Amino acid sequence: MSFPATALQEAPAPAPAPARAATLPPSADAITAVTQALAASFGNRLVTSLAVRQQHGHTLTWIPNQPPDAVVYPHDTQEVSEVVTLCAQHGVPVIAFGTGTSLEGHVNAPYGGVCVDLSQMKRIVAVHAEDLDCVVEAGVTRKELNEHLRDMGLMFPIDPGADASIGGMAATRASGTNAVRYGTMKDNVLALTAVMADGSIVKTSTRARKTSAGYDLTRLLVGSEGTLGIITEITLKLHGIPEAIAAGVCPFPSIKAACDTAIMTIQTGIPVARIELLDEVMIKGFNLHSKLGLPETPMLFVEFHGTEAWVKEQSERFGEIATEFGGGPFDWATKAEDRTRLWEARHNGYWAGRALRPGADTLATDVCVPISQLADCVEETKRDIEATGLIAPIAGHVGDGNFHTQPLLDLSDPDEVARVQGFLDRLVKRALAMGGTCTGEHGVGQKKIKYLEAEHGAPALEVMRALKRALDPRNILNPGKIVLM
């Protein structure tokens with residue numbers, strides 16, 4: 001299914017979901033009462049300076065900064081409960097904050113309120129090596145967890161580009177380069193502890209690997225972006241560090257050839273751990289930012305996990321498929337430091353993209369389509385970028401049909417802003433027409449609310465609102481995100 005850029009340029013954006021009783025900013029008296037009470041309880045862990053508040057309204061997108069009225073730093077679940085209980089009494093919004101690396105405006109405070117910064121909740125509560133699971137507080141980051149696990153021969157595989165907090169990763173249903181083999185956060189969270197809108201503390205499940213006891217509250221809160229509860233503790237699945245790892249880069253003559261190789265690799269059942277698509281524009285950014293020195297052509301970065309024999313066999317099978325589509329030669333990174341450099345460059349893709357137009361503004365967005373539609377969707381998107389006259393590198397976790405693009409623009413140029421917005425709308429429309437989604441892993445936040453009705457339909461959106469009303473009747477938990485009330 002094709003959507004030429006010229007034909008779609010004038011297509012209207014999907015209409016926003018109809019707004020319900022809008023959340024109003026709390027009164028000055030309510031904010032004063034809450035901040036005074038929090039200052040009495042938290043001392044210097046309650047901050048109201050403009051710089052800190054703006055830091056917590058910061059979002060890696062083109063949405064304007066909307067800072068909270070105050071920032072508080074709790075040390076445990078009970079203190080989070082104390083904050084939420086107080087805010088609920090006064091009708092003051094509460095916005096959870098991890099590391100601030102989300103990409104769709106998740107941490108902005110459009111109605112003001114109190115930001116609950118969970119970064120000081122750093123306890124690794126327990127590691128049950130024999131059961132391959134662990135329990136951590138929300139402020140632990142993925143790199144901190146893996147440093148702790150390494151000497152036990154264990155790892156937590158979900159790896160979004162940033163060193164995000166585990167709580168934030170659960171709240172946004174994060175993914176990453178390893179998702180094709182290990183799944184996303186929804187597949188790797190066993191249980192949660194969360195503070196609900198009235199301040200009550202809920203444990204959603206146990207450490208058991210499966211259960212059929214009641215509603216699946218864990219899955220309900222994973223991906224809810226802090227709108228249904230504030231996640232404070234997470235029980236995670238762990239995996240053994242593989243005996244052998246092989247990684248490498250493979251150039252291709254075209255973006256289609258690279259996509260077709262990725263599709264065939266998945267369809268033939270090769271258990272690749274990572275398979276990342278980079279177009280020639282993204283590779284140029286990598287070379288500028290990370291000094292990789294790669295040929296500037298479409299590429300796949302791939303990695304295999306297993307035994308020495310298994311990795312060798314799967315690598316050879318992948319090589320045969322790549323050759324069928326004109327790919328190669330391979331450049332294998334056999335040393336651990338070379339693999340680290342390769343994937344560090346991929347994880348720094350946001351900053352590499354910015355190197356292509358120094359001083360420009362940027363936003364990163366993503367869509368996801370069924371694997372059989374991937375090549376068509378990426379190719380049509382590439383043509384759209386060129387026809388619209390944008391610099392917008394493409395990268396993607398193509399093993400599961402997910403890809404990202406990062407338009408660079410001058411926000412002071414209305415024409416350029418309009419062209420980028422038109423491109424983003426067409427990108428989502430294209431993905432939905434191919435049976436995909438407006439976001440594979442970035443989440444909804446503020447920026448993608450307007451696409452939800454086109455993706456899910458009005459009845460499904462009303463179910464989401466009913467859940468929000470039931471669990472957060474005063475609409476104080478991260479209001480203005482996912483669904484408008």
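Q: What makes β12 and β15 a strand pair, and in which sense do they run?
A: In this predicted model, strand β12 (residues 244-251) and β15 are joined over 3 bridges in the antiparallel sense. Pairing asks for at least two bridges, so 3 bridges are enough for β12 and β15 to count as paired. One point of reference along the pair is A247, which stands opposite A333 in β15.

Q: Why are β15 and β17 called edge strands?
A: Their sheet is an open one of 7 strands, ordered β15-β12-β14-β13-β18-β19-β17, with antiparallel pairing. β15 (331-333) and β17 each pair on one side only, and that is what an edge strand does here. Neighbouring strands of this sheet are turned by 20° against each other on average, direction ignored.

Q: What joins β19 to β17 and to β18?
A: Strand β17 (residues 365-368) pairs with β19 in the antiparallel sense over 4 bridges, and C368 stands opposite N402 of β19. Strand β18 (residues 394-397) also pairs with β19 in the antiparallel sense, over 4 bridges. There, N402 of β19 is the bridge partner of H397. β18 and β19 make a hairpin with 4 residues between them, and in the turn G401 has a positive phi of about 80°.

Q: How do you know that both faces of β19 are covered?
A: Look at the side chains of residues 402-405: N402 and H404 lie on one side, F403 and T405 on the other, and all of them are buried. Buried means under 20% relative accessible area, so with buried residues on each side, both faces of β19 are covered.

Q: Why does D361 count as partly exposed?
A: Its relative accessibility is 28%. Buried would need under 20% and exposed over 50%, so D361 falls in between and is partly exposed. D361 is found in strand β16 (residues 361-362). Leaving aside neighbours within four places in sequence, D361 is in contact with R354, P407, L408, L409, D410 and L411.

Q: Why is α15 called roughly antiparallel to α16?
A: Helix α15 (residues 374-388) and helix α16 (residues 414-433) pack at about 165°, with their axes 11 Å apart. Angles over 145 degrees count as roughly antiparallel, so α15 is roughly antiparallel to α16. The crossing of α15 past α16 is right-handed.

Q: Which residues make the contact between α15 and α16, and what classes do they belong to?
A: From α15 come C377, E380, T381, D384, I385 and T388, and from α16 come R419, F423, R426, L427, R430 and A431. By class, that contact has 5 nonpolar, 2 polar and 5 charged residues.

Q: What makes β1 and β3 edge strands of their sheet?
A: This is an open sheet of 4 strands in the order β1-β2-β4-β3, with mixed pairing. β1 (46-47) and β3 (94-97) have a single partner strand each, so one side of each is left without a neighbour in the sheet. Inside the sheet, strand β2 (residues 70-72) and strand β4 (residues 114-117) run parallel and are joined by 3 bridges, with A70 opposite V114.

Q: How do helices α3 and α4 lie against the strands they cover?
A: Helix α3 (residues 50-57) packs on the sheet, touching β1, β2, β3 and β4, and its direction makes about 80° with that of β2. Helix α4 (residues 77-90) lies across β2, β3 and β4 and runs at about 170° to β4.

Technical notes: Residues are numbered from 1 along each chain as its sequence is written. This is a predicted model: local features need pLDDT of at least 70, side-chain atom pairs count only at pLDDT 80 or more; totals for chains, interfaces and linings use all residues. Side-chain values use heavy atoms; hydrogens and water are left out. Axes are lines fitted to C-alpha atoms, for helices over the stretch in contact, and angles run from 0 to 180 degrees between N-to-C directions. Helices (H or I, at least four residues) and strands (E, at least two) are DSSP runs, numbered from the N terminus. Angles under 35 degrees count as roughly parallel, over 145 as roughly antiparallel, 65 to 115 as roughly perpendicular and the rest as oblique. A crossing is left-handed if the near helix is turned anticlockwise from the far one by less than a right angle, and right-handed if clockwise. Contact means heavy atoms within 4.5 Å. Ala, Val, Leu, Ile, Met, Phe, Trp, Tyr, Cys and Pro count as nonpolar, Asp, Glu, Lys and Arg as charged, and the others, Gly among them, as polar. Buried means under 20% relative accessible area, exposed over 50%, partly exposed in between (1.4 Å probe, protein chains only).
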